[in-house]
Amino acid sequence: MIVAEQKKLEEIVGQIQDFNKILLVGCNECVTVCEAGGKKEVGILASALRMYFLNHGKEMTIDEVTLERQCDHEYLEEIRDMQDKYDAVLSLACGVGVQFMAEKYHDKPVYPGVNTCFLGATEERGLWTERCQACGSCILAYTGGICPVSRCAKRLMNGPCGGSTNGKCEISKETDCAWQLIVNRLKALGRMDDYEKLMPLKDWSTDRAGGPRKVVKEDVQL
Amino acid sequence: MRLNYPANLKIIRVPCTGKVDVIHLLKAIERGADGACVIGCMEGECLYNRGNFRARKRVMQARKVLRSVGIEEERLQMYNLSSSEGPKFALYANDMTEKIKALGPNPLKAAKAKLKAA
Ligand code: SF4
Ligand code: SF4
């Protein structure tokens, strides 16, 4: 899922303080799971903002709504009539949702309430870690299911580097060396032969470096 | 046990303090309560194991929000006792009342009145 983290209140206040009526919009998907922008967080942030502005002598309306998704037309359409009544929208969706909202409601100022961080997993409640950088040509088949693109600091294809120490990456003692994890896993799978093979140059043309990307599935297009 | 505790304290019963969420605490303050406290069972004695630990975390989270909006975080408190400790309940109720008296009324009430008058 997409992992995000709520922005500090001061930053959010700075974005919206010149308006009088704000629609705070949450999203029921990824940002709900990472506890950054679901219905619960919308409620807490709305209450905090109302108290903040009241306490600072400003009359401010903050209303709440949480959509199934903000990255799909059909759900974003649900607030077409509603958004008209507000000066601006504060979205707690990931950057995708915020942009889709801005595209759809062209003359409505839209502000992000979260920082979108990465594609990751919930390791435990309150701890999310990165697993994928959407490089567009997945090599997990050759690396024991562990991604060196997102988890090796140097994105090495034939690791580890000389900085790998006791299973940790040279950037920090807290960070596992992705290549140590890959070796451990290949050993467990009895596939160390694969490790001996040199990995060819990775095709980076599918990565972000080639500009914004697109996936087209003509079969389902009407 | 005829114990006295301040009459200005309103009791809301919940099945377990783990049922109390951050938003409940914030709403209390937003709507003008001078303070709110959660009184849970002793730590380690929760029937649901971690209900009172969750409650403490949520009180702390709500206090952080109050701090960020410029309201005294001491308006929210967490206490623990076991269900048979009536005297302790009275003690906590008095302690909470003293804390709130020292802080004075919820600043949002004055702010609201000021906006209305303007
Ligand atoms: S190889 Fe690319 S697509 Fe596969 S997990 Fe890593 S970043 Fe994601
Ligand atoms: S120590 Fe491991 S994870 Fe860190 S850069 Fe070197 S190979 Fe990559």
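## The antiparallel sheet of chain A

Three strands of chain A, in the order 1-6-7, form an open sheet with antiparallel pairing. Its edges are strand 1 (2-6) and strand 7 (127-132) of chain A, each of which pairs on one side only. On average, neighbouring strands here are turned by 70° against each other, direction ignored. The model is a predicted one.

Look next at the join between two of these strands. Strand 6 (residues 114-124) of chain A is linked to strand 7 of chain A by 5 bridges, and the two run antiparallel. Within this part of chain A, Leu119(A) stands opposite Cys132(A), a residue of strand 7.

## The parallel sheet of chain A

Chain A also has an open sheet of 4 strands. Their order is 3-2-4-5, and the pairing is parallel. Strand 3 (61-67) and strand 5 (110-112) of chain A are the edge strands, each pairing on one side only. Neighbouring strands of this sheet are turned by 25° against each other on average, again with direction ignored. Strands of a sheet pair through backbone hydrogen bonds, either parallel or antiparallel.

Inside the sheet, strand 2 (residues 21-27) of chain A runs parallel to strand 4 (residues 88-91) of chain A, and 4 bridges join them. One residue pair to find is Leu23(A) and its bridge partner Val89(A), which belongs to strand 4 of chain A.

## A helix across the strands

Helix 6 (residues 95-104) of chain A lies across strand 2, strand 4 and strand 5 of chain A. Its angle to strand 5 of chain A is about 175°.

## A buried arginine in chain B

Now turn to chain B. Arg58(B) sits in helix 2 (residues 51-69) of that chain. Is Arg58(B) buried or exposed? Its relative accessible area is 14%, so Arg58(B) counts as buried, the cut-off being under 20%.

What does the side chain of Arg58(B) reach at 2.7 Å? It reaches the backbone oxygen of Gly18(B). Leaving aside residues up to four places away in sequence, Arg58(B) touches Gly18(B), Val20(B), Asp21(B), Val22(B) and Leu25(B).

Definitions and conventions:
Residues are numbered from 1 along each chain as its sequence is written. Chains are lettered from A and ligands numbered from 1 in the order in which they are written. This is a predicted model: local features need pLDDT of at least 70, side-chain atom pairs count only at pLDDT 80 or more; totals for chains, interfaces and linings use all residues. Side-chain values use heavy atoms; hydrogens and water are left out. Two strands pair if DSSP finds at least two bridges between them. Axes are lines fitted to C-alpha atoms, for helices over the stretch in contact, and angles run from 0 to 180 degrees between N-to-C directions. Contact means heavy atoms within 4.5 Å. Buried means under 20% relative accessible area, exposed over 50%, partly exposed in between (1.4 Å probe, protein chains only). A polar contact is a pair of N or O atoms within 3.5 Å; within protein, one must be able to donate a hydrogen and the other to accept it, and residues adjacent in sequence count only if both atoms are side-chain atoms.
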